[in-house]
Amino acid sequence: MAISLIMAMSSCSGDDLPLYKDAGAPVEKRVEDLLSRMTLEEKVGQMNQFVGVEHIRKNEASLSEEDLHNNTAQAFYPGFNADSVETWTRQGLVGSFLHVITAEEADYLQSLAMKSRLQIPLIFGIDAIHGNANAPDNTVYPTNIGLASTFDTDLAYRIARQTAKEMRAMNMHWTFNPNVEVARDPRWGRCGETYGEDPYLVSRMGYSTVKGYQADFGHDGVLACIKHFVGGGQSENGTNGAPAEISERTLREVFFPPFKEGTEAGAMSVMMAHNELNGIPCHSNEWLMEDVLRGEWGFKGFVVSDWMDIEHLHDLHATAENIKEAFYQSIMAGMDMHMHGVYWNEYVCELVREGRIPESRIDRSVRKILEMKFRLGLFEQPYSDSEEGMKTRLCPEHRNTALEAARKSIVLLKNDGLLPLDPKKYRKVLVTGINADDHNILGDWSAEQKPENVITVLEGLRAVSPETEFVFVDQSWDPRNMSPAKVDEAARKAVDCDLCIVVAGEYMFRGRWTERTSGEDTDRSDIELVGLQNDLIRKVAASGKPTVLILVSGRPLGTEWAAEHLPALINAWEPGMYGGQAITEILYGKVNPSAKLPISIPRSAGQIRMIYNHKPSQYFHPYVLGESTPLYPFGYGLSYTSYDYSDLTLDKDETTSDGVVKVSVTITNSGHMAGDEIVQLYIRDRFSRITRPVKELKDFVRIHLEPGESKVAVFEITPDKLAFLNRNFNPVVEPGEFIVMVGPSSSDKDLLKKSFTVK
């Protein structure tokens with residue numbers, strides 16, 4: 001180990017060992033013993049988080065104070081420096097760090113904390129959204145929107161479990177994930193960070209992810225953080241942090257369920273949302289933090305702010321006259337930890353001494369923070385073992401899972417018989433587009449990774465089909481500044497090729513923060529392809545050669561022309577480190593695509609809000625010009641084989657409000673290739689006193705079928721799947737007809753239907 005554990009215990013040995021350092025004592029007693037020894041300043045320090053000192057040094061040399069105002073990724077502290085933060089850490093006045101991306105820095109900062117009076121270890125948080133990808137040399141899985149496309153909750157659990165192990169190998173203990181916001185506006189740059197538009201699917205994926213991360217803590221569990229509570233997925237104009245005006249009914253029916261499910265999974269931290277909700281900033285919203293989260297759901301963990309959002313009560317939302325008042329409002333509304341900044345300790349201590357905040361209120365927050373540090377085992381093992389850690393990070397098992405997840409996450413949207421490709425027929429293939437040979441395939445929330453740990457599409461093509469001649473025309477990585485000459489070059493070379501592959505989409509790499517077109521704080525007013533990408537697609541297709549479009553993006557894109565005119569279209573989302581291999585394996589039929597869309601794809605921004613679970617009156621008057629249907633619906637995705645659905649059966653035609661109805665359906669692989677099918681069950685309450693959606697996803701299952709094989713999928717419709725909230729927001733099951741729909745997507749034409757009655 002880089003730093004001996006002996007150092008951590010050197011000042012407390014023998015008979016003088018305090019109770020809180022006794023690993024055999026109950027956590028509750030250790031917490032109370034430690035809390036009784038702490039000064040007010042030390043308590044308030046536990047509630048404060050800072051960015052890492054290397055992050056500070058880098059940014060104070062390159063950013064101005066003006067740069068900080070709208071920046072939610074980079075930071076330093078004007079008037080203070082990294083040395084100041086190191087001093088406060090030695091004094092025991094810092095509880096947590098984020099943006100620490102190496103084990104060496106984490107161990108160094110932990111060594112400073114071990115020099116403090118009480119030797120309370122630090123907790124290191126990191127945005128490990130799809131693997132611990134925000135730090136170098138870790139496994140990079142598909143982002144959440146791709147993972148949701150697998151409809152595979154066991155896979156979500158495995159990825160979270162593996163991510164936790166890689167985090168602990170780097171002395172990182174707290175992931176700011178899962179993001180269980182429901183994404184209902186594709187203009188929002190953070191769609192790729194979510195599990196899509198459906199509250200049931202988001203809840204299921206979030207639940208499994210929380211379980212995988214925490215795993216009863218111990219030496220390889222990490223603290224999960226369900227975020228952002230709440231409403232960011234339906235903000236004004238789709239911009240991150242903009243006001244959200246959402247009715248209580250929509251909150252409780254659409255946006256709350258994944259958060260409630262996360263608390264039931266045992267998530268021990270919750271992050272509040274940037275936005276104001278119905279006029280009250282989430283960071284000072286007592287109804288959200290106290291009444292709903294703790295009161296109704298019994299949440300037992302701690303609440304953390306998002307990046308400087310408590311300060312934004314003053315300088316953005318203007319609900320607090322100054323920063324000190326902002327701290328007061330947030331703490332008294334239920335906030336436990338501050339991300340991040342230098343004035344917290346001073347002002348909060350003043351507020352306590354002035355009698356405005358009871359010290360008992362501070363104690364409540366600190367108890368929960370200390371409890372997590374004990375449960376994570378940080379008092380016994382505050383350091384990492386870098387040698388052992390490298391045996392875990394990027395190990396073969398994790399790499400295999402990343403490849404499996406990429407294969408399962410890629411959605412085949414259109415195929416007019418072109419795919420899978422025959423290498424003997426298409427010997428010379430044009431490859432072009434901004435994402436054809438770029439590490440942008442890793443997705444948002446990814447640090448730069450070593451080239452040998454990333455397979456781009458071009459690299460995948462050359463590896464999977466070495467007998468094919470691939471003619472590559474580089475369009476560079478920047479869709480905003482594409483070269484017309486390069487577009488024309490691709491069009492010319494297409495004429496001499498047998499087939500064309502265009503890899504288009506968005507640019508998400510965080511290393512070029514201000515030049516991205518998708519990701520955090522990168523929202524758009526439309527969902528068209530940026531720059532000359534549409535020109536590239538049209539000019540290449542004009543060659544008359546078959547053209548495949550592959551989209552690499554974190555948001556749904558309106559590619560209506562391509563969907564109408566090209567023979568094949570693939571949505572790869574942000575597939576991670578092995579994305580290029582997985583895409584190519586699907587192109588050449590080495591892998592049969594199985595993914596389904598977790599979010600509807602509109603034709604254009606003019607269709608927003610395009611959701612499958614809309615109310616019956618939404619399209620009573622269709623658009624005069626243009627379609628009222630999505631480009632591709634929720635739950636949709638093609639395969640290289642065909643699946644026939646038959647014999648939809650209900651075990652009863654009538655039931656009671658507390659009864660259970662069993663549903664069975666036969667699925668047959670009527671094609672010539674083995675594959676996985678995602679069977680989806682939807683329900684509609686035909687008549688109700690409160691308007692209900694035209695359909696709601698209530699269950700799903702992945703099944704594997706060999707050619708010619710049939711299997712019966714069985715579902716149970718329990719009362720909770722029939723209930724809705726009445727006028728007083730109490731769950732009820734009303735008598736009447738319920739329509740059961742089962743099929744391969746949410747589209748009416750794909751669904752078998754039967755009804756039963758609740759008496």
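A residue is termed buried under 20% relative accessible area, exposed over 50%, and partly exposed in between. By this criterion Tyr343, in this predicted model, is partly exposed, because its relative accessible area is 35%. Phe80 is likewise partly exposed, at 26%.

The ring centres of Phe80 and Tyr343 are 6.2 Å apart and their planes stand at 80 degrees, so the pair is edge-to-face. Phe80 is located in the loop between helices H5 and H6, and Tyr343 in the loop between strand S10 and helix H15; the pair therefore ties together parts that are 263 residues apart in sequence. Both residues are also members of one aromatic cluster, which includes Phe50, Tyr77 and Trp344.

A second pair is formed by Tyr200 and Phe700, whose ring centres lie 6.1 Å apart with planes at 80 degrees, so this pair is also edge-to-face. Because Tyr200 lies in helix H10 and Phe700 in strand S21, the pair ties together parts 500 residues apart in sequence. Tyr200 is partly exposed at 22% relative accessibility, whereas Phe700 is buried at 5%.

Aromatic rings also meet charged side chains. The charged end of Arg356 sits over the ring of Tyr328, 3.9 Å from its centre, and Arg252 lies over the face of Phe729, at 6.0 Å from the ring centre.

Thr175, in strand S4, counts as buried because its relative accessibility is 0%. Among the residues it touches are Ile126, Ala128, Met167 and Tyr213. A polar atom of the Thr175 side chain lies 3.0 Å from the backbone oxygen of Ala128.

Conventions:
Residues are numbered from 1 along each chain as its sequence is written. This is a predicted model: local features need pLDDT of at least 70, side-chain atom pairs count only at pLDDT 80 or more; totals for chains, interfaces and linings use all residues. Side-chain values use heavy atoms; hydrogens and water are left out. Helices (H or I, at least four residues) and strands (E, at least two) are DSSP runs, numbered from the N terminus. Buried means under 20% relative accessible area, exposed over 50%, partly exposed in between (1.4 Å probe, protein chains only). Contact means heavy atoms within 4.5 Å. A polar contact is a pair of N or O atoms within 3.5 Å; within protein, one must be able to donate a hydrogen and the other to accept it, and residues adjacent in sequence count only if both atoms are side-chain atoms. Rings of Phe, Tyr and Trp (its six-membered ring) pair if their centres lie within 6.5 Å; planes under 30 degrees apart count as stacked, over 60 as edge-to-face and the rest as tilted. A charge sits over a ring if NZ of Lys or CZ of Arg is within 6 Å of the ring centre and within 35 degrees of the ring normal. Lists of a residue's contacts leave out its neighbours within four places in sequence.
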